Amino acid sequence: MTPRIELTDAAPHQTLTLEFPTDGVALRGRVRVPGDKSISHRSLMLGAIAQGETRIQGLLLGEDPRSTAACFQAMGVTLSSLEDEWVTVQGVGLGNLQEPADVLNAGNSGTTLRLMLGLLASHPDRYFAVTGDGSLRSRPMDRVIKPLTQMGAEIWGRQNNRLAPLAVRGKALKPIHYHSPVASAQVKSCILLAGLMTEGDTTVTEPSLSRDHSERMLRAFGANISVDPDTCSVTVHGPATLTGQTVVVPGDISSAAFWLVAGAITPGSDLVIENVGINPTRTGILDALQMMEADIALENPREVTGEPVADLRVRHSRLKAVNLSGDLIPRMIDEVPILAVAALFAEGTTVITDAEELRVKECDRIAVMASQLTHMGARVEEHPDGLTIYGGTPLTGATVDSYTDHRVAMSLAIAALRVKGSMQVLRAEAAAVSYPSFTATLAELCGLSVG
């Protein structure tokens, strides 16, 4: 069988058709993934509120960072073209964001909306209205609104201040010590950003440490940040003064995860993913795959602007089933959908628990991955906080749906590498949120062009 990858338009959506030999196509070569989405967001935001110019290399050109850029441009921040190799941000200084003339639109980006709320709420005497697309307007915002309200913020929204659109009246906030019920980098970052303009110490304590890009970058921009790993606490000592910096964005490990799994499950594969960020709070995917006995090696480890980076080499291997739970989950929460695909080709039964956070992502990723993989013939059981996946069941071609979730779209496309028959992924354009060139890269690795 000749492999086939075809992307067809039926506005406003795209359908991705994939067809491969039963044993897949050996993926070989070197690939670079887009810039880290979390770091891209934060470099734009901190550059906007810093004094002076911030220069960013490797910024992710996906839809989510574009939403962040558009929101801050609407509040008086000057940015160069996002297409430039080096993107420049002319900071307005902390506390100097302008009141926008229109509603701020965060698009599909929960990071944009949740983190930005911490800044908007702490700008006294300014009024902001914020919204997003249909998916974002259904995602819970009360997890950041509640602590901001404790700091004195005034925020109104649908369903008892739970859902966007939201109205924000900026206030002079007070510092708090917030005990977050979930390990969430978005919650932690929102509160830390709000604390930049408070007098005193604003502290967030989590059940376990979530990704720490905000702490690293805030410190690099000049904020006084303290971290207590023993209590999983982070403190910002306000008020802060931020100064523009040069930021080099490493490749996104969440995007690299798709090629790590693709290489691990496809016979004959030998891939190198270059320049990937390996921040310890993000490497749960590496730990999980190594627990599954995947053949993965870190090559050329180094540090780039405070973030550890390496090239990742993956070769096909026989995977083993594992149990994934506890503190590991926050370090790989975005990679659970693609790990579920890896588990389909592992020997034994994989159980993923403590991942209820997946139910409030771009879609209910637990329910959607269970249903869509089942359509392909997989044996998957859905639980309130995770999945049970029975490995070794042959997969057959089917029509599946991304539910407009970028990680679901790409995970299903990678699963197609080992499917018997033709597969269609509906609403495949969702991949562009974080990985605009995903389909083209997949085709290139398979020795094809996109039809």
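How do the residues of the lining of the second largest pocket divide into nonpolar, polar and charged? The legends below answer this for a predicted model.

**Figure 1. The lining of the second largest pocket.** The residues here divide into 7 nonpolar, 5 polar and 4 charged. The pocket holds about 260 Å³ of space. It is lined by 16 residues. Closest to its centre are L344, F345, G392, T393 and R418.

**Figure 2. The largest pocket and its centre.** This pocket has a volume of about 600 Å³. Its lining counts 40 residues. A183, S184, I333, E357 and K361 are the closest to the centre.

**Figure 3. What lines the largest pocket.** Four elements, α1, α3 (110–121), α6 (185–195) and α12 (406–415), each give two or more residues to the lining. Helix α1 supplies the largest share, with 4 residues. By type, the lining residues split into 18 charged, 13 polar and 9 nonpolar.

**Figure 4. Helix α1 beside helix α2.** Helix α1 covers residues 37–49, and helix α2 covers residues 63–73. Their axes lie 9 Å apart. The two helices pack at an angle of about 10 degrees. Angles under 35 degrees count as roughly parallel, so α1 and α2 are roughly parallel to each other.

**Figure 5. The contact of α1 with α2.** From α1 come K37, S40, H41, L44, M45 and A48. They meet D64, P65, T68, A69 and F72 in α2. The residues of this contact divide into 6 nonpolar, 3 polar and 2 charged.

Key:
Residues are numbered from 1 along each chain as its sequence is written. This is a predicted model: local features need pLDDT of at least 70, side-chain atom pairs count only at pLDDT 80 or more; totals for chains, interfaces and linings use all residues. Side-chain values use heavy atoms; hydrogens and water are left out. Axes are lines fitted to C-alpha atoms, for helices over the stretch in contact, and angles run from 0 to 180 degrees between N-to-C directions. Angles under 35 degrees count as roughly parallel, over 145 as roughly antiparallel, 65 to 115 as roughly perpendicular and the rest as oblique. Contact means heavy atoms within 4.5 Å. Ala, Val, Leu, Ile, Met, Phe, Trp, Tyr, Cys and Pro count as nonpolar, Asp, Glu, Lys and Arg as charged, and the others, Gly among them, as polar. On a 1 Å grid over the protein atoms alone, a cavity is a set of points where a 1.4 Å probe fits but cannot get out, and a pocket is an open set with protein on both sides within 12 Å along at least five of seven lines; lining residues have an atom within 4 Å of a point. Grid points are joined across faces, edges and corners, and a volume is the space filled by probe spheres set on the points.
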